[in-house]
Amino acid sequence: TKITNISEKQNLRKQARQLENELDLKLVSFSKLCTSYSSSRDGRRGDTSDTTPLLNNSTQDRMFDTMSVEIEQLLAKLTAVNDKMAEYTNAPGTASLNAALMHTLQRHRDILQDYTHEFHKTKGNFLAIREREDLLGSVKKDIETYKSGSGVNNRRTELFLKEHEHLRNSDRLMDDTISIAMATKENMTSQRGMLKSIQSRVNTLANRFPTINNLIQRINLRKRRDSLILGTVIGVCTILLLLYAFH
C-alpha cells in the first residue's frame, strides 16, 4: 500500500507538470490572440470596407471562445490534481514525505494561482477591447445610416444656413453704411454751420469796409466765371467722348 501511494503521488506530480506545461503554451497563444485582435482593430480603424473585418473578427471571436473553454478545462483539471495531492498530505506516512509533498503542493498551487490570474486578466482585457470596438462600430454605423438617410435634408439645411449667413452679412454691411452716412451728415451739418458763421462775419466786415466789399464781389465774379468756363470745358469734353464712343 505504501509503494502504491508513492507511485500515485508521483503520477499526480507528473500530471500536474503536464497540465502546467499545456497551460503555459495555451496562455501564450491566448495572449498573442488578444494582442493581434487589438492590433487588427487599430489597423482597420480607418478602413471603410465591411466584409473582411467582419470575417476576421468573427474568426478571432470563435478562436477566443474555444481557447477560453480549453484553458478553463485545463485549470479545472489542475485544480482537481492539486486537491488529490492535498488528500495525501493528510494520509498517514513518514513526516519527511509529507513535508516534501506539502512543499510540492504549495508550489503547484502558486503556479495554478498565477495561471488563473493571468487568464482572467487577459480575458478581461480582450472583452473590454471587444466591447469598446463594438460600441464604436455601432455608433459609426448609426452615423453613416443617419447621413445616408438624411443626406438631402442635410444639404438643404446647409444651403439655408449659408443663405441665412449671407443675409446677416448684408444686414451688417447696410448697418455700417447707414452709420457712415449718418456720421457724414452730422459732419457736413457742422461744417455748414461753421461756414455760415464765417460768411456772416465776412458780410459784417464787408458792410463796414466798402473796399473789402468790392474786392469780395470781384472774387465772386471771378469764381462764377471760372465755374462757367470749367463747366463749358467739361460739357464739350463729354460731348466729344460720347461722339467718339458712338462713332
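Q: Which residues form the aromatic cluster?
A: F30, F64, F119 and F126 form one aromatic cluster. Keep in mind that this is a predicted model.

Q: And how many aromatic pairs does the count come to?
A: The count comes to three aromatic pairs. One of them is F30 with F64, a stacked pair with 5.4 Å centre to centre and 25° between the planes.

Q: Where in the chain do F30 and F64 sit?
A: F30 is in helix α1, which covers residues 2-43, while F64 is in helix α2, residues 51-89.

Q: Nice. Is F30 buried or exposed?
A: F30 counts as buried because its relative accessible area is 0%, and the cut-off for buried is under 20%. F64 is buried too, at 2%.

Q: What are the distance and angle for F64 and F126?
A: F64 and F126 are 3.8 Å apart centre to centre, with 15° between the planes, and they form a stacked pair. This pair also links distant parts of the chain: F64 in helix α2 and F126 in helix α3 (residues 95-149), 62 residues apart.

Q: Why does F126 count as buried?
A: Its relative accessibility is 0%, so F126 counts as buried.

Q: Let's switch to the surface. Which residues form a nonpolar patch there?
A: That patch is made of V236, I239, L240 and L243. Together they have about 390 Å² of accessible area.

Q: Where is L243, and is it buried or exposed?
A: L243 lies in helix α5. It counts as exposed because its relative accessibility is 54%, and exposed means over 50%.

Q: Okay, new topic: what pLDDT does the chain average?
A: The chain averages a pLDDT of 76, and 74% of the residues score at least 70. Confidence is highest in helix α5 (residues 210-246), at a mean of 82, and lowest in helix α4 (residues 151-208), at 76.

Q: Where does pLDDT stay under 50?
A: That happens over residues 48-55. For this stretch, the model has two contacts beyond four places in sequence.

Q: How should I read the coordinates where pLDDT is low?
A: Where pLDDT is low, the predicted coordinates should not be read in detail.

Technical notes: Residues numbered from 1 in each chain as written. Predicted model: local features only at pLDDT ≥ 70, side-chain atom pairs only at ≥ 80, totals over all residues. Heavy atoms only, no water. pLDDT = per-residue confidence, 0-100. Helix = DSSP H or I, 4+ residues; strand = E, 2+ residues; numbered from the N terminus. Contact = heavy atoms within 4.5 Å. Patch = residues over 30% accessible without salt bridge, like charges linked within 9 Å, V, L, I, M, F, W, Y side chains within 5 Å. Areas by Shrake-Rupley, 256 points an atom, 1.4 Å probe, with all protein chains shown as cover. Salt bridge = Lys/Arg side-chain N within 4 Å of Asp/Glu carboxyl O. Buried < 20%, exposed > 50% of the residue type's maximum accessible area, 1.4 Å probe, protein only. Phe/Tyr/Trp six-rings, centres within 6.5 Å; stacked < 30°, edge-to-face > 60°.
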